[in-house]
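Subject: The structure I promised you

Hi,

Here is the structure we talked about. Have a look at it first, and then read on for what turned up.

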Amino acid sequence: MKTRITELFDIQHPIIQGGMHYVAFAELAAAVSNAGGLGIITALTQKTPSDLAKEIDRCREMTDRPFGVNLTFLPTVHAVDYPGYVAAIIEGGVKVVETAGRNPEAVLPALKAAGIKVIHKCTSVRHALKAEAIGCDAVSVDGFECGGHPGEDDIPNMVLLPRAAEELKIPFVASGGMADARSLVAALALGAEGINMGTRFIATVEAPVHENVKQALVAATELDTRLVMRPLRNTERVLNNPAVERLLEKEASLGKTLQFEDIVEEVVGVYPKVMTEGRVDSGVWSCGMVAGLIHDIPTCRQLVDSIMNEAETIIRQRLKGMLV
Ligand SMILES: Cc1cc2nc3c(=O)[nH]c(=O)nc-3n(C[C@H](O)[C@H](O)[C@H](O)COP(=O)(O)O)c2cc1C
């Protein structure tokens, strides 16, 4: 399959693995890139820019295919050395950056000067148009279904993707709710030129997270996610668990007076406990509604191959067969 996304990023298949805190280490990024997609390392999981530089080196030892780095601009507890991370990306010879969260305008000149392609992940058409206007090469359009931060507009991909197609000139991938060949073909039909998957890639053999996390995703249904931090306008879709229930009770009882400090216990420092130690109930962690479509733990190659092979069958047989 050839699309503007495969051409732009020099990849075999139009499948991207989104940056994921404490999941998207070199092992996962390399496995996705080796399978013909675009693997992405999450910069901020690396504590310092020099740690990121080492992670980029580790990834390059595991793959000779293109891979990317995610730079997330969201509220953090500690100040982040963004110029340092950008320098590590450029010096590491990375050719693709996925930005997410706030407007990435401040880092674009340095990335563009280094010949790096930038795909900005956002949750609305207006932010996608802004990304296009400031010179991003592509966007990842993240629908309301997505794991992580769906924004505050709550537009699912069935409407968001064709709206993006109506307005954008640069290519875009569909993100949020993508799991299999059906997702890919649907996304293409709605105007996207590829897919970005988060949650689905966690339940793979190579994802360097605790087995409990993978089993939690296999066990979860599409009814098992919740939206937290809505009152703080920092909405996150997470897998439900007792910590999430506690947090939602605090949100309900404190109402408009809720402060970030009230929920620190459920939110801060959770990812290593969940992803590394496998304590999946220790706090809130991102998960998409797509968990309902995850029933197995394949290798990244098996996953990507099955998506591409079955997509071809859907297009050539199911869809073509419907034409009279
Ligand atoms: C556990 C987890 C952690 C994530 N961490 C980040 C992150 O640090 N930065 C980011 O831009 N997106 C992050 N995301 C969002 C994904 O990159 C991707 O956009 C999203 O998962 C797509 O929706 P899906 O889960 O339905 O595939 C995270 C998602 C999950 C599930």
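Ala29 touches Gln17, Ala24, Gly39, Ile40, Ile41, Cys59 and Phe67, if you skip residues up to four places away in sequence. Touching, or being in contact, is when the C-beta atoms of two residues, placed from the backbone, lie within 7 Å. Keep in mind that this is a predicted model, where local features need pLDDT of at least 70 and side-chain atom pairs count only at pLDDT 80 or more, while totals for chains, interfaces and linings use all residues. Residues are numbered from 1 along each chain as its sequence is written.

Back to Ala29. In the largest nonpolar core, which has 94 residues, Ala29 and Ile41 touch the most other members. A nonpolar core here is a set of buried Ala, Val, Leu, Ile, Met, Phe, Trp, Tyr and Cys residues joined through C-beta atoms within 7 Å. Buried is when 20 or more other C-beta atoms lie within 10 Å of a residue's own, exposed is 12 or fewer, and partly exposed is in between, again with C-beta atoms placed from the backbone. Helix α2 (residues 26–34) gives the most to this core, with six residues. The core also draws at least three residues from each of domain 1 (4–208) and domain 2 (225–286). As a general point, nonpolar side chains tend to be buried together in soluble globular proteins.

**The two domains**

The protein chain is split into domain 1 (4–208) and domain 2 (225–286), with bounds that come from an automatic or database domain assignment. Their C-alpha centres lie 24 Å apart. How many residues of domain 1 are in contact with domain 2? Twelve, and they meet eleven residues of domain 2. On the domain 1 side, the touching residues divide into six nonpolar, five polar and one charged. For these classes, Ala, Val, Leu, Ile, Met, Phe, Trp, Tyr, Cys and Pro count as nonpolar, Asp, Glu, Lys and Arg as charged, and the others, Gly among them, as polar.

**Around the ligand**

The ligand has 29 residues around it, and the closest are Gly18, Ala100, Gly147, Gly198 and Gly288.

**The whole chain**

If you count elements, you get 14 helices and ten strands. Both are DSSP runs numbered from the N terminus: helices are H or I with at least four residues, strands are E with at least two. The radius of gyration is 19 Å, close to the 20 Å that the globule rule gives for 324 residues, so the chain is as compact as a globular protein of that length. That radius is taken over C-alpha atoms, and the rule is 2.2 Å times the number of residues to the power 0.38. The C-alpha atoms fill a box of roughly 55 × 45 × 40 Å along the principal axes. Buried residues make up 47% of the 324. Of the contacts with a separation of 6 or more, 63% join residues 24 or more positions apart.

- Ile5 sits in helix α1 and counts as buried, with 26 C-beta neighbours inside 10 Å. Beyond its neighbours within four places in sequence, Ile5 is in contact with Pro14, Ala138, Pro171, Val173, Glu193 and Gly194.
- Met275 lies in helix α13 (residues 270–276). Why is Met275 classed as buried? Because 24 other C-beta atoms lie within 10 Å. Leaving out neighbours within four places, Met275 is in contact with Tyr22, Val23, Val209, His210 and Val213.
- His127, in helix α6 (residues 125–133), is partly exposed, with 19 other C-beta atoms within 10 Å.
- Asp10 is in the loop between α1 (4–9) and β1 (15–17). Asp10 has a positive phi of about 55° although it is not a glycine, and is exposed, with 12 other C-beta atoms within 10 Å.
- Arg233 is in the loop between β9 (225–228) and β10 (236–239). Arg233 has a positive phi of about 55° too, and is not a glycine; with 9 C-beta neighbours inside 10 Å, Arg233 counts as exposed.

Cheers

Technical notes
Near = placed C-beta within 6 Å.
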